[in-house]
Amino acid sequence: MKFYRLLNPQGMTILTKDNCTWSKLCVLLRKTSSLGCDSLGSLSKRTCVSYPKSPKTQLTKYNPISELQPFVAVPIIPDETVPFNPSESEIKSAATFFEPKEKSHVIRHIKTAARISDLPTYDIPEVAFIGRSNVGKSSLIQALFSKAPSGVHRKIVVSSKPGRTKALQLYQAGNAFTMVDMPGYGHNMPHYFVDCVETYFKERKNLEMVFILVDGEVGLTKLDEVMLEKLQAFSAVHCIVLTKIDKAKRHQLLGNLMSVMKYRDQHNRYCLPQPFLVSAHRGDGIELLKTLIAYVTGNMLVTGC
Ligand SMILES: Nc1nc2c(ncn2[C@@H]2O[C@H](COP(=O)(O)OP(=O)(O)OP(=O)(O)O)[C@@H](O)[C@H]2O)c(=O)[nH]1
Ligand SMILES: [Mg+2]
């Protein structure tokens, strides 16, 4: 049995199971927004299940925001937002999708594709990683799969030179989900970026979530804002991930985190309310992100939020 749950800015939760995929939920969201609702919170009572709010939810040690919170007077994740805050046992069970014990769950690279027509078609849910060149997309996928027995992560190429990933790279975790590493935008982006990446966002049926990576030290750039606007225009559900948090000074990271949240509140309806913080080098936030991926691809239920 599969469960899907979407958090919206008002802390409301839409819950469904079995026959309703995340994509169908997004269609539902699109329909409600075309009815002229200002926010996802305007969904009718019939489609929403409201969960008791847990004010001042204590974020666990798995969420790097918990380390920043003592330095800010106001809650970083506003009280009215139900944070994605899985329990320890949920985090452990999500990890098994990335470091499987069973031989049948193989993590492997399945395809390099520079054209959408080259992509395989299947029912397995996908999540994609996009961001500026050099923001750390390939490194993040490497960190997520760093304990995979197949050793797939050793073949993922990362580079200090921007523009290293030139095509869509698909990594599959058994039949659970596929993660798509994408070429970056900005420096050295391939000339077929729009054809390849934007068409993928518009047309890929089994795309469940786009992770848009923003450098935690640099913050949101104009190029990131353009991509966020595009994701919104394509009605692609997405989530902001601040990368390289080991490099950023605390005040920089806090400032950039707050401005990302402000931007998201003002502009973006298809963006999850909660940003995620990661360091691919130090491992911060990686276990939490694994749980989010297992959750949004419908592979597990998270009750801790
Ligand atoms: N300090 C630090 N450096 C990182 C981190 N993640 C990635 N890097 C470095 O950033 C550089 C770019 O990393 P990639 O993973 O290749 O970035 P990318 O977004 O895939 O880049 P393109 O494929 O060129 O678009 C490399 O030198 C990495 O070692 C991190 O968490 N911390
Ligand atoms: Mg790359």
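Helices (H or I, at least four residues) and strands (E, at least two) are DSSP runs, numbered from the N terminus. All views show a predicted model.

**Figure 1. Overview of the chain and its secondary structure.** The chain holds eight helices and nine strands. Of its 305 residues, 55% count as buried. The accessible surface of the chain comes to about 13,900 Å², and carbon and sulfur atoms account for 53% of that area. Among contacts between residues at least 6 apart in sequence, 74% join residues at least 24 apart.

**Figure 2. Loop residue Asn 188.** Asn 188 belongs to the loop between strand 6 and helix 5 (193-203). Its phi is positive, about 60°, although Asn 188 is not a glycine. With 44% relative accessibility, Asn 188 counts as partly exposed.

**Figure 3. Loop residue Lys 244.** The loop between strand 8 and helix 7 (250-267) contains Lys 244. Lys 244, also not a glycine, has a positive phi of about 55°. The relative accessible area of Lys 244 is 21%, which makes this residue partly exposed; the class begins where buried, meaning under 20%, ends.

Figure 4. Seven strands make up an open sheet in the order 3-5-6-4-7-8-9, with mixed pairing. Strand 3 (107-113) and strand 9 (276-277) stand at the edges with a single partner strand each, so one side of each has no neighbour in the sheet. Strand 7 and strand 8 run parallel and are joined by six bridges. Within this part of the sheet, Val 210 stands opposite His 238 of strand 8.

**Figure 5. The magnesium site.** Ser 138 (OG) and Thr 165 (OG1) coordinate the magnesium ion (ligand 2) at 2.0 to 2.1 Å. Ser 138 lies in helix 4 (residues 137-144) and Thr 165 in the loop between helix 4 and strand 5 (168-173), so the pair ties together parts that are 27 residues apart in sequence. Both Ser 138 and Thr 165 are buried. Water is not among the atoms, so the site may look incomplete.

**Figure 6. The largest nonpolar core.** This core has 43 residues, and those with the most contacts inside it are Phe 129, Phe 145, Met 179, Phe 211, Leu 289, Leu 292 and Ile 293. Elements that give two or more residues to the core include helix 3 (88-95), strand 4 (126-131), strand 6 (177-181), strand 7 (207-215) and helix 8 (286-296). Helix 8 gives the most, with eight residues. Leaving aside neighbours within four places in sequence, Ile 293 is in contact with Phe 98, Val 127, Phe 129, Leu 144, Phe 177, Met 179 and Phe 211. A second, separate core has 42 residues, among them Tyr 122, Ile 124, Phe 234 and Cys 271.

**Figure 7. Cys 239 and Cys 271.** The count of disulfides comes to zero. For Cys 239, the nearest cysteine sulfur is that of Cys 271, 6.6 Å away. For Cys 271, the nearest cysteine sulfur is in turn that of Cys 239. Cys 239 is buried, with a relative accessible area of 0%. Cys 271 is buried too, at 3%.

How values were computed:
Residues are numbered from 1 along each chain as its sequence is written. Chains are lettered from A and ligands numbered from 1 in the order in which they are written. This is a predicted model: local features need pLDDT of at least 70, side-chain atom pairs count only at pLDDT 80 or more; totals for chains, interfaces and linings use all residues. Side-chain values use heavy atoms; hydrogens and water are left out. Donors are N, O and S atoms within 2.8 Å of the metal (3.2 Å for Na, K and Ca); water is not among the atoms, so sites may look incomplete. Buried means under 20% relative accessible area, exposed over 50%, partly exposed in between (1.4 Å probe, protein chains only). A nonpolar core is a set of buried Ala, Val, Leu, Ile, Met, Phe, Trp, Tyr and Cys residues joined through side-chain atoms within 4.5 Å. Contact means heavy atoms within 4.5 Å. A disulfide is a pair of cysteine sulfur atoms within 2.5 Å. Accessible areas come from the Shrake-Rupley method with a 1.4 Å probe; for residues, only the protein chains shown count as cover. Two strands pair if DSSP finds at least two bridges between them.
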